[in-house]
Amino acid sequence: MFGYVTIAAGALTQEQRERYRAYYCGLCHALKRRYGALGRMTLSYDITFLYLLLSSLYEPDETQGAARCLPHPFRRHVYVQSELCDYCCDMNLALAYHKCLDDWHDDRSLPGRAEAALLADAYARVAAAYPKTCGEIERCLAAISRLEREGASSPDAAANLTASMLGAIYRYREDLWADTLQRIGEGLGRFIYLMDAYDDLEADRRRGRYNPLRDMSLQGDYEDRILESLTLLIAESTDAFETLPLVKDMDILRNILYAGCWTRYRLKQAKRERRRGVPAPRKESEADRGSAQRHKEDGA
């Protein structure tokens, strides 16, 4: 369930793309500092969005640097770090650790098992620092596993558990904004679970694996129902997001929520159209129209 909360790069300016990369690289450097080279390899776009969101809301003092790294050895990249880095790195590590365990349990993935073993000590430190949040992550993932073993015919229960898990992660501190941040995380959790199931359906069928959309996909209105559900779920996040008093990096944050989150959906639709041998018209969602309208209103 990684990689859905990212930018739609083509809709951003070069300056905005570099700003996003600076946050991404800042987390990368912080992960290496806290957890070594293996920690750096767990970096996800999903947590980069959380880092940007919290930075825009709390506006902490930031430090900038520029460095080369193994993935980019020939050019120095600017990176941005703040006091929020450590929290975001810890949540990134927690999610990566449990993803590796999930890969092992679901597919008997030996690389997943090996990586989980290597991350176990680091995760133990995160769990000790954030027992409530990590406890909720563990509770939700265990319940999702039970539902999948039982072959639940609806995605709703598991999507709600994913919502609880991300809601706990987004609830950074107990303050005025805690409930709103939690709602953003919950909406994203439901959206990500459904999008992941939709994205994996064909592969799961080929491999004989469980997918909560298996029965729904046999119905004639399947595609319409999926699009409607995804649009409603991401709206849970965007509605909460728009109530926050954010100014910094708003174009990037809106790009992610209103366009970037739909990237994999659009790619899947384009692939389906190519298989049918016809041009793939872009089917604009309500989220896309909302994004366009907001950019128009902002003078973008």
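**Figure 1. A salt bridge between Arg171 and Asp179.** In this predicted model, the side chains of Arg171 and Asp179 form a salt bridge, with a nitrogen-to-oxygen distance of 2.8 Å. Arg171 has a relative accessible area of 22% and is therefore classed as partly exposed. Asp179 is likewise partly exposed, at 45% relative accessibility. Elsewhere, salt bridges with shared partners unite Arg19, Glu62, Lys248 and Asp249 in one network. The count of salt bridges comes to 15.

**Figure 2. The salt bridge of Arg19 and Glu62.** The side chains of Arg19 and Glu62 come together in a salt bridge of 3.7 Å, taken from N to O. This pair links distant parts of the chain, 43 residues apart: Arg19 belongs to helix H1, whereas Glu62 sits in the loop between helix H2 (45–58) and strand E1 (63–67). Glu62 is partly exposed, its relative accessibility being 28%.

**Figure 3. The salt bridge of Arg33 and Asp86.** A salt bridge joins the side chains of Arg33 and Asp86, with 3.3 Å from N to O. Because Arg33 is part of helix H1 and Asp86 part of helix H3 (residues 84–107), the pair ties together parts that lie 53 residues apart in sequence. Arg33 is exposed, at 51% relative accessibility, while Asp86 is partly exposed, with a relative accessible area of 28%.

Figure 4. Helix H1 covers residues 14–40, 27 residues in total. Its end C-alpha atoms are only 25 Å apart, whereas a straight helix would reach 39 Å at 1.5 Å a residue.

**Figure 5. The surroundings of Ile144.** Ile144 is a residue of helix H5 (residues 131–150). With a relative accessibility of 6%, Ile144 counts as buried. When neighbours within four places in sequence are left aside, the contacts of Ile144 are Ala158, Leu161, Thr162 and Tyr193. For one of these residues, Thr162, the C-alpha atom lies 8.0 Å from that of Ile144, and the two residues are 18 residues apart in sequence.

Figure 6. A disulfide is a covalent bond that joins the sulfur atoms of two cysteines. The count of disulfides in this structure is zero. Cys85 takes part in no disulfide, and the nearest cysteine sulfur, belonging to Cys89, is 5.4 Å away; the cut-off for a disulfide is a pair of sulfur atoms within 2.5 Å. Cys85 is buried, at 1% relative accessibility. Cys100 is buried as well, at 5% relative accessibility.

**Figure 7. Aromatic pairs, including Tyr87 and Tyr172.** Across the whole structure, 11 aromatic pairs are found. In the pair formed by Tyr87 and Tyr172, the ring centres are 4.9 Å apart and the planes stand at 65°, so the arrangement is edge-to-face. Tyr87 is located in helix H3 and Tyr172 in the loop between helix H6 (156–170) and helix H7 (178–207), so the pair ties together parts 85 residues apart in sequence. Both Tyr87 and Tyr172 are buried.

**Figure 8. An aromatic cluster.** Phe191, Tyr198, Tyr222, Trp262 and Tyr265 are linked into a cluster by ring pairs.

Conventions. Residues numbered from 1 in each chain as written. Predicted model: local features only at pLDDT ≥ 70, side-chain atom pairs only at ≥ 80, totals over all residues. Heavy atoms only, no water. Helix = DSSP H or I, 4+ residues; strand = E, 2+ residues; numbered from the N terminus. Expected span 1.5 Å × (residues − 1). Salt bridge = Lys/Arg side-chain N within 4 Å of Asp/Glu carboxyl O. Buried < 20%, exposed > 50% of the residue type's maximum accessible area, 1.4 Å probe, protein only. Contact = heavy atoms within 4.5 Å. Phe/Tyr/Trp six-rings, centres within 6.5 Å; stacked < 30°, edge-to-face > 60°.
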